[in-house]
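Hello,

Here is the structure I promised to pass on to you. Have a look at it first, and then read on for what turned up in it.

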Amino acid sequence: MAKILFLTSTLGYGGATKIMVKIANYMSRFHETMILCYGDKTVFYDIDEKVNVLWCAKTRCKVRKLRVIAQMLLVRKALHRLNPDLVVAFGNTEKLFAIVSSVGRRTKAVISERQDPYNYVPGKKNHMHMRYRLADGCVFQTDGAAKYFPKSVQDKSIVIPNFIEIHETKPEDNNIKNKLIAYSARFELRQKRQDIMVEAFSLVHKIHPEYKLCFYGDGPDQEKVREQVNKLGLSSFVIFAGQTKNIIENLKKSEIFVLTSDYEGIPNALMEAMAVGLPVVSTDCSPGGARLLIKDGENGLLVPTGDPVSISDAICRFIENPEFARQCGENAREIIYKYSPDKILNMWKVYLESFLTNDR
């Protein structure tokens, strides 16, 4: 039985963490599977009892550049002791640690791009190119993300989209839903653009004051969004619901789902909303994850990034055309079959196991 280790800096709330845990749970059916975390001992998602969760020592170094090196040495030491056949990393820093720790050893490193490489700052682009060149394998969520990298990287990579848990229960009837517009994401304005969502909602509110906006999630920029809401006089109409493990049940009580990100991989929250049959509005975010899921006007509405007027118009189109909204929501549910866990997780299994033979 091979030893597979997933390296992470967090087991807390987040889309990438959620997918990583699900993959680890699945791989534990077939191989000895470990998760090594060098961050806080907070576990948000359910981890299978077969998965061995380990905590790496955390550096106490206060100097930022030295802190990365010190933590990398601690991770390398832990990985040498555990001696896995394969290490898998999602986060950018974790990718670096995994590659450095596998140098000179039999351990192979597979890394995965979870966001949009086109949005790397100039200084980071060279570093990321080097990480992907040195890795043994790479997993991308979209063709667009894979094409950002040179052919040498593409030749050893695979495109595996996210999966969505199958929810066979029907969405609640619109007549008994609250008049809620749902938004689920971590509060990081640079990417998620909740500020644009608030601007769009302020326009919707002028036409349909009976609707409320509900934010699910937390993050470093939440207070900035609260201040914006208060400044616009919307505090009675915007709900900050925080983190929830029951996002599916909460989405069922909503009427519309909106995503306003500038860039994403394949958005988990968008997939979840579509799976429960909500009409969805999403920005056409780079590098094409939302466009992969949504056929504009058939199972949702795609709008330009950074454009609150277009987002507001799309939301109002659903509110004012309930039959169109119902039909889009019904069509959206088809993704639960196209992106089922059985199909997607098996793609991960086949790809990861290819590094456990002598073929690579």
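**Aromatic pairs and nonpolar cores**

Both Y38 and F97 are buried. Please keep in mind as you read that this is a predicted model.

Y38 and F97 pair through their rings in a tilted arrangement, with 5.3 Å from centre to centre and 50° between the planes. Y38 sits in the loop between β2 and β3, while F97 belongs to helix α3 (residues 92-102), so their pair ties together parts that are 59 residues apart in sequence.

How many aromatic pairs does a search of the whole structure find? The count is 16. Another of these is formed by Y13 and F44: the ring centres are 5.3 Å apart and the planes stand at 80°, so this pair is edge-to-face. Y13 is found in the loop between β1 (3-8) and α1 (15-27), and F44 in the loop between β2 (32-37) and β3 (52-55), so here the parts tied together are 31 residues apart in sequence. Is Y13 buried or exposed? With a relative accessible area of 19%, Y13 is buried, because the cut-off for buried is under 20%. F44 counts as buried too, at 12% relative accessibility.

Ring pairs also build a cluster, whose members are Y118, Y132, F140, Y148 and F149.

R114 lies over the face of F90, 4.6 Å from the ring centre, and R226 lies over the face of F240, at 4.3 Å from the ring centre.

Back in helix α3 you will also find K95. K95 has 0% relative accessibility and counts as buried. Leaving aside neighbours within four places in sequence, K95 is in contact with A89, F90, I111, S112, E113, Y120, M128, R131 and Y132. F90 in that list is the ring under R114, and Y132 is a member of the ring cluster.

Now to the nonpolar cores. The largest has 58 residues, and F6, F257 and W348 touch the most other members. Helix α1 gives this core its largest share, seven residues. Not counting residues up to four places away in sequence, F257 touches a set of residues including A182, Y183, L251, A269, L270, P279 and V281. Apart from this core lies another, of 32 residues, with M197, I315, F318 and I319 among them.

Enjoy exploring it, and do write back with any questions.

Best wishes

Terms used
Residues are numbered from 1 along each chain as its sequence is written. This is a predicted model: local features need pLDDT of at least 70, side-chain atom pairs count only at pLDDT 80 or more; totals for chains, interfaces and linings use all residues. Side-chain values use heavy atoms; hydrogens and water are left out. Rings of Phe, Tyr and Trp (its six-membered ring) pair if their centres lie within 6.5 Å; planes under 30 degrees apart count as stacked, over 60 as edge-to-face and the rest as tilted. Helices (H or I, at least four residues) and strands (E, at least two) are DSSP runs, numbered from the N terminus. Buried means under 20% relative accessible area, exposed over 50%, partly exposed in between (1.4 Å probe, protein chains only). A charge sits over a ring if NZ of Lys or CZ of Arg is within 6 Å of the ring centre and within 35 degrees of the ring normal. A nonpolar core is a set of buried Ala, Val, Leu, Ile, Met, Phe, Trp, Tyr and Cys residues joined through side-chain atoms within 4.5 Å. Contact means heavy atoms within 4.5 Å.
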